[in-house]
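Dear colleague,

Here is the structure I said I would hand over. My notes on what was found in it follow.

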Amino acid sequence: MSALQKPRFKQLNHGECAGAPILKSLWERFDLSLLLTQSGMMKRSGTPSWLICFLYVIGLVSNCSSVVQMARLAEQDALLKVMFQPWKLAQYTMSRFLSNSFAWTTFGKKRVARLQQDKVTRLQDGDVINLDDTHLAHPYAKQLPFLSWLYDSSKKTYVWAMNVVVVQAVLQGGLEYPLFYRVWHKSEQKNEGLSKIDLAKQMLLMLRESATCRLWVAMDRWYLCKGFFAFLEKHQFDWVTKAKRNTALFRKVIEPCTGRERYVPVTPIMLIREVYGQLVAEGTSGLVSLAIPDIYMKQPHPVTNRRGKQVNKQRYVQIAAVAAMRLKEDDSELLETEEEAPATYKGAYLLISNRFDAPEEALRTYVKRWRIEVFFRTAKQELALEKCHSETEAHHHAHFELLFTAETLLSVALYELNKEKTSDEGYTHGEMVRGLFHTRCQVRMSHHKGQQRIYIDCDTHVQQFARLIDLFWPEHYRMVLWVAHHPINYQTLPRSA
């Protein structure tokens, strides 16, 4: 039997963020340090702002629930101590920086504009913009202006929370990343303040400042609004959503005797019932769909009357109507009112879109809408979306914007990791974070020909992420304002400056 010896105590250079250098390379690839500086965020207590923000991103990936945990991580992690030297990022430095009001909206616009300059993250014709909102419970503060009692349909009760409206990009190649967010403020009186549709318009107009290509907008049935549809078509967006029970639709028919055109009112459930038998015959598993032709919707059209005044008249506009079964939707989260409920019949739903000439493309676009629900779940479970317990509004805006930055970097890494793999062989978001970015490592230092070298030893299971290490492992560990060929003396501005 082997004898058990007493433990020996010595300083171990261990770290928990073995993938931090890869995040550093991705951070520098999109010039995020420079974008923060251009947005007016310079220094706090002598510490550069980009170091504080990069540590915050590392803390989110490590699922730290407070600034105290992030500062402790930077103090105890051997790898982070090397990367952040000679600065010491204390808790009070981060708290004071995050509690100050900065132009985080400007940084978000610059971040999205910089993503459009990269060939991997650039939006192109036919890409999808997902639009949705989510509740974030926040029982730790009462004075924040965007907190209110909101009905949580999953818990069937009211919670003290905020409602965040988000737009997300889903590219045809498979890459997806968040774009913008807006926090909805519940007004005391009805029809006052900005609605969630108004906030969605603001974000889509911000996107149009850096992306001019033709894009799809996929949204759930809450955003079904004729005025919003007109706004989207005016700004070169195609749209697709799920029909409600009370959505007014019309079918174009030709009278056999007179040959005149008539528009007969129909309900979405009537249309689903007509084709339900054909849907069932299509197959018993997987997504099945069927396009219904000659369906129209009334939409407002501005005209000038005889008195020279601008008025809105209703006109019939042809739309695509697609009946589909086995959509990847969470049907348990229904709204309270019958009017907001989806039009459904025995598990089949009706999708509507302005692209009546491309019903199959509209269906493929709506299927991608589920990716924003996955993003909400991932951000809450793995990136501490709901764990910002601060009582200052400025900290929450910094938290959201830096979380979107962290998710963008992780999305690019996941896209490159699974680029040459099939769907069954690819890694999930959580597997990549736990297996590479938030895993233990040992740090060793030595000197070779007068130059310091840093060696990082990881467990053998990290070898499965060797593709990311080959692509993004940096040559040096210094955190600088921008990347240059000689990091000790950088004087050349990058192109995005």
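Leu-55, Tyr-56, Ile-58, Gly-59 and Leu-60 of helix α3 are in contact with Val-67, Met-70, Leu-73 and Ala-74 of α4, where contact means heavy atoms within 4.5 Å. By class, this contact has eight nonpolar residues, one polar and no charged. Ala, Val, Leu, Ile, Met, Phe, Trp, Tyr, Cys and Pro count here as nonpolar, Asp, Glu, Lys and Arg as charged, and the others, Gly among them, as polar. The axes of α3 and α4 come within 9 Å and cross at roughly 105°; axes are lines fitted to C-alpha atoms, for helices over the stretch in contact, with angles from 0 to 180 degrees between N-to-C directions. The two helices α3 and α4 are therefore roughly perpendicular to each other (65 to 115 degrees; under 35 would be roughly parallel, over 145 roughly antiparallel, and the rest oblique).

The model is predicted: local features need pLDDT of at least 70 and side-chain atom pairs count only at pLDDT 80 or more, while totals for chains, interfaces and linings use all residues. Residues are numbered from 1 along each chain as its sequence is written, and side-chain values use heavy atoms, with hydrogens and water left out. Helices (H or I, at least four residues) and strands (E, at least two) are DSSP runs, numbered from the N terminus.

Helix α3 also meets α13. Their axes come within 9 Å and cross at roughly 70°, so α3 and α13 too are roughly perpendicular to each other. On the α3 side the contact is made by Cys-53, Tyr-56, Val-57, Leu-60 and Val-61, and on the α13 side by His-395, His-399, Leu-402, Leu-403, Ala-406 and Leu-410. These residues divide into nine nonpolar, two polar and no charged.

Next, helix α14. Seven of the nine residues of α14 (429-437) are buried, so this helix is largely enclosed by the rest of the structure. Buried means under 20% relative accessible area, exposed over 50%, and partly exposed in between (1.4 Å probe, protein chains only). The buried residues are His-429, Gly-430, Met-432, Val-433, Gly-435, Leu-436 and Phe-437. They pack against α1 (20-29), α3 (49-61), α12 (370-382), α13 (393-417) and α15 (466-472).

Phe-437 is also one of the residues touched by Glu-16, along with Leu-73, Asp-77, His-438, Thr-439 and Arg-440, not counting residues up to four places away in sequence. Glu-16 sits in the loop between β1 (14-15) and α1 and, at 34% relative accessibility, counts as partly exposed. Glu-16 and Ala-78 are 62 residues apart in sequence, yet their C-alpha atoms are 8.4 Å apart in space.

On the cores: a nonpolar core is a set of buried Ala, Val, Leu, Ile, Met, Phe, Trp, Tyr and Cys residues joined through side-chain atoms within 4.5 Å. The largest one has 137 residues, and Leu-123, Ile-129, Phe-228 and Leu-350 have the most contacts inside it. The largest share of this core, 12 residues, comes from α13. Apart from it lies another core of 13 residues, including Trp-216, Val-240, Leu-351 and Ala-362. Leaving out residues up to four places away in sequence, Phe-228 touches Leu-131, Ile-197, Ala-200, Lys-201, Leu-204, Met-219 and Tyr-223.

Beyond its neighbours within four places in sequence, Ser-353 is in contact with Trp-216, Trp-239, Val-240, Ile-319, Ala-320 and Ala-362.

Last, some backbone details. A cis peptide bond, with omega about 5°, joins Gln-85 and Pro-86; Pro-86 is in the loop between α5 (78-84) and α6 (91-99). Asn-63, a residue other than glycine, has a positive phi near 60°. Asn-63 is in the loop between α3 and α4 (67-76) and is partly exposed at 27% relative accessibility. Arg-326, also not a glycine, has a positive phi near 60°. Arg-326 is in the loop between β13 (310-325) and β14 (344-345) and is partly exposed at 33% relative accessibility.

Regards
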